[in-house]
Amino acid sequence: MIRVVVRPAVEIRIQPLGVYAVKGGSAVMRVVAGGSGALTYEWRRDGAALSGGSSSAYSVPVVGEGDAGMYTVVVRNGKGAQVESRAVELKVGTGYRDWE
């Protein structure tokens, strides 16, 4: 018996996680992807592409209220294959008590 395993040309191996960030602090989201060819990344907030969101990690060095929202990342290879991550939320608060 021959067993054939077909893997997608691009796959997300570890999905990004949501982040709770304090206003003025920092936040980082990461994805782990694999596939054939060189991979490119496009991070999006509420569906809109983000400037500077072109690597496997997306960083917000100084979080503001405008950074809150739902984030996804689209991973592509040079052969036209792509996959989008699940949506995760960046919540912004003013301190520890916001999360109680």
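Predicted model: local features only at pLDDT ≥ 70, side-chain atom pairs only at ≥ 80, totals over all residues.
How exposed is Arg76, going by its relative accessible area? Arg76 comes out as partly exposed, with a relative accessible area of 26%.

Side chains of opposite charge can pair when their charged atoms come close. Arg76 does this with Glu42: the two form a salt bridge whose closest N and O atoms are 3.8 Å apart. Glu42 sits in strand β5 (residues 39-45) and Arg76 in strand β8 (residues 69-77), so their pairing ties together parts of the chain that are 34 residues apart in sequence. Glu42 is partly exposed too, at a relative accessible area of 22%.

As for accessibility, Asp67 has a relative accessible area of 16% and is buried, because the cut-off for buried is under 20%. Arg45, at 23%, is partly exposed.

Back to Glu42 and Arg76 for a moment: together with Arg44, they are joined into one network by salt bridges that share partners.

Then there's the pair of Arg13 and Glu11, a salt bridge with its closest N and O atoms 3.2 Å apart. Glu11 counts as buried, with 18% relative accessibility. Overall, the count for the model comes to five salt bridges.

Methods:
Residues numbered from 1 in each chain as written. Heavy atoms only, no water. Salt bridge = Lys/Arg side-chain N within 4 Å of Asp/Glu carboxyl O. Buried < 20%, exposed > 50% of the residue type's maximum accessible area, 1.4 Å probe, protein only. Helix = DSSP H or I, 4+ residues; strand = E, 2+ residues; numbered from the N terminus.
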